[in-house]
Amino acid sequence: MKLPARLTINGVTYDVQVEPRRTLVDALRRDCGLTGTHIGCEHGVCGSCTVIVDGSPVRSCLMFAVQADGCEVVTIEGLPLLMSCDTKAHDEVSTLHPLQQAFIEHHGLQCGFCTPGFLMLAAAVLHRDPHITDADLIDALSSNLCRCTGYQGIIDAVLAAARAMRVSNSER
Amino acid sequence: MSAATHWVGRSVRRLEDPALVRGRGRFTADLPAQHYVRFVRSPVASGHIVRVAAPPGAMMFTAAELAGVAPIRPMLDKFGYVPIAQPVLASEVVRYVGDLVAVVIADDEALAEDFAEQVELDIEPLAAVTDAQFALAPDAPQVHAAAPGNLVVDILYETPGYAERTRKGRRVACTIRSHRQNATPIEPRAAHAAFDAASRRVTLTCTTQTPHMMRTAIADLIGMEEADLRVIAPDVGGGFGQKMSLAPEFVVVVWLARHLRSSVAWIEDRRENLMASFHSRDMTVALEASFDDTGRLVVLDGDVLSNVGAYAPYPNTAAVEPLMSLAELPGPYAFGAYRCQARGVVTNTCCSAPYRGVARPAITLAMERLMDKAARAFGLTPWEIRRRNLVTAFPFTSASGLVYDTGTYREAMEAVLQAVDLPAFQVRQSALRPQGRYLGLGLSVFCERTGYGSPAFAVRGMAVTPGWEQVELAIDPSGVVEARIGASPHGQGLATSLAQIIADRLGVTPDRVRVVHGDTDRTPYGFGTFASRSLVIAGGAVHIAADRLRMKLVAMAGTMLETAAEDIELADGLARVAGTDRAIALTTLARTAYHQAHRFSDLSPGLRESAVYDPTGTFSNACHLAIVEVDVATCAISIERFIVAEDAGRLINPMIAEGQIRGGVAQGIANALYEEIVYSETGDTLTATLADYLPPTCREIPRIEIHHLETVTDASITGAKGLGEGGTIGAPAAVLNAINDALAPLEVEIDAMPATPLRIHAALQAAGVR
């Protein structure tokens, strides 16, 4: 049996028919063709599948697609929209979010598999609370696993992006 | 001709990153397939397969259908190695929990999983053995009929005259236990095989570090021509060695694609990865040493026992950990008399295979614990005993016969001691102990064999002897440089590092260089990326090929600018007459090489060179220092500081090198404190989720301070030595030594890793402290 679900992903509406047991991450990857969200453990520990649902970071392997019916979902493919969606809608995502730029500059990734999950986690936390303390930010980052970097590049990148975003907010 | 280097040595931002941060990486599991498979795995550690029955409506295959596929049976022609065979699907017996019994196929992943759960398995259980020591007992269950006594490799090495050596001086002994590890890349393994009806070829896209070797192995086992199989390693989400060994699942998937004339995909789940991929480091190392009156190590006797699991990994064989242990145990220490017995024992556990560092985290732990125990015996500091024993003159031939070309063992140790401010630490340590706070400082000095080619591998006698790498380097008519390499990076940033090397040789910017890897149709044969080799060997090959292209470019430019080739320099995308403004753009030269080739009577058309590099190998080295605090109430350990002084020769890209060190140290800390695959006595896996097997988060890994020494070696064309594994090799010993230093006042010693709170608690209890 399949059920209808309407997902708004990165500002685009997807009407999908899914089994009730279909996880959100499988729906994103298989039904919507958005393969930037990765599956690392399917039991909610590694955080590679982190996306933003109605403003909160969510492990999309622990949420059913039908639970996201009517929700606003942001995935890695739409991350840059979070910085510029106030001003005008983008159909082509060409610029990088400050977090993405910072990950490149601070060597926050090696194989890149956990990277979308870390970026979405950090983005959700920073957009919700731009003035979060460094310690709380690092605490939030301990939700996800990375096997390549030893985390220092990730932490440096997220702290740098947080500063850049605060400056950019204050200039607005 | 200017040899100015502009790009090598700089922390150039990685060319790999823009796609990956956008979520545009292409990983194996991203590919849709017509059919999805799910493997049915043995729930028992040892048993006879009586019956396997598929549920109604399910398509299922067992060993009977795959009878034409040869078993995986990697060979080693030395050391009395006993080859053992692994059928790609178990045929009569199962040998560990997770062994492949059948494969079911459906057009949907969830449906395949449903079917797999409904398969009826009737397996008559047999006695199982999971512990290497127990497996050696005379009445132990026999895992393979071909391996009586469960012994598959038993090597003895003695330096000449060892037996006559009188054992004088002070004897110090040390036995360490390294518990079983899983490499745990965040991307589980996956394979997607697609049959092409027109060419009758199969394209296998898979998570591998070694695409060319996988093609050879799979074609051999199935009995097909290699030319009919294309292997693609797209973006690979970390490997750490686990993705260099042949997965039997890959063979089955290729067989199914041919059988069904369709596309077939398998995506490993985390449970499978933790219980049935490849494990490692399940080892016991016992050392007995004699030191002379001045604290100098004179005689070392080692005994290495490695639990290799139920099968042997292709291509390395089950001998990889024992052999590596025996050869590299002497490490950075100068002594002459050495004897070592290294054994590999089969058990009813998951197959053991290389994982970043291969055996050396365990042997380094053993040697470094030995040094600290010797220091205590002599009343010396840990650094003073090492000062008296580290090799300081190079080249040096180790007690096991390895030649260390260069090294800065002593300098690296002094560098971390300088950085840590020892006196200040000692004051603080003493001040805190009366308050019941236990701080400890631990050192670890090691050398890391890197960048070794086929002569070094040949000593092992593997039927598949890796070593060399080749590269095809071409400039297309538009002037873009393309390097096609046999190495197969999966997160190391190798494309960027190679582009930097090429950019300097050809006077272009790195973004003008495309590095093509991971596709057997597009790249020349090579062995792939493992054993800290790619930067040295693929890097050497591109260096040679780029210099050949450079020769041709300057010859062409000389003709076109009517001057001698020697006067031409390549820089800024131009071929310029040195010291003048007379120049010709590289893009023009490229176009001319293809479309005006008749203008160069003595040169072949086009711009394309190839090169092979097969070096003897070299040794990088490092010293790690950890400061830990042990909470004797909770037995929790926190790492306060971690310092690395390393020497990997010339650094091509310091940012990438530091990333390799940090990632390696994080895995080493995990090995020292957290991660452990646990089996029950009956062989059940007790650590099949990431809530049981514990990779550290960013809260557990400290900021790692790095100091570089850069001793350029002649053993490598680029002067770079490679350092991919060092972090994992040195960190466990530094952490364990620090814990032991912290607990020294309590007379408690911990020689097992991971040093979990449970083990620390038990040790404190045994010492009467708790």
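**Exercise 1. Find the order of the strands in the open sheet of chain B that has β23 and β27 at its edges.**

Step 1. Four strands, in the order β23-β22-β21-β27 of chain B, form an open sheet with mixed pairing. Strands here are DSSP E runs of at least two residues and helices H or I runs of at least four, numbered from the N terminus; two strands pair if DSSP finds at least two bridges between them.

Step 2. Look at the edges: β23 (513-516) and β27 (608-613) of chain B each pair on one side only.

Step 3. Neighbouring strands of the sheet are turned by 20° against each other on average, direction ignored.

Step 4. Strand β22 (residues 481-485) of chain B pairs with β23(B) in the parallel sense over 4 bridges, and B:Val481 stands opposite B:Val513.

Step 5. Axes are lines fitted to C-alpha atoms, for helices over the stretch in contact, and angles run from 0 to 180 degrees between N-to-C directions.

A word on the model before going on. It is predicted: local features need pLDDT of at least 70 and side-chain atom pairs count only at pLDDT 80 or more, while totals for chains, interfaces and linings use all residues. Residues are numbered from 1 along each chain as its sequence is written, and chains are lettered from A and ligands numbered from 1 in the order in which they are written.

**Exercise 2. Check the length of helix α8 (residues 360-378) of chain B, and decide whether the helix is enclosed.**

Step 1. The expected span is 1.5 Å times one less than the number of residues.

Step 2. Buried means 20 or more other C-beta atoms within 10 Å of the residue's own, with C-beta atoms placed from the backbone.

Step 3. Just after the helix, B:Gly379 takes a positive phi of about 70°.

**Exercise 3. Describe the surroundings of B:Gly357.**

Step 1. B:Gly357 is found in the loop between β17 (337-346) and α8 of chain B.

Step 2. B:Gly357 counts as buried because it has 33 C-beta neighbours inside 10 Å.

Step 3. Not counting residues up to four places away in sequence, B:Gly357 touches B:Glu725, B:Thr728 and B:Ile729 (contact: C-beta atoms, placed from the backbone, within 7 Å).

Notes: Buried ≥ 20, exposed ≤ 12 C-beta atoms within 10 Å, placed from the backbone. Contact = placed C-beta atoms within 7 Å.
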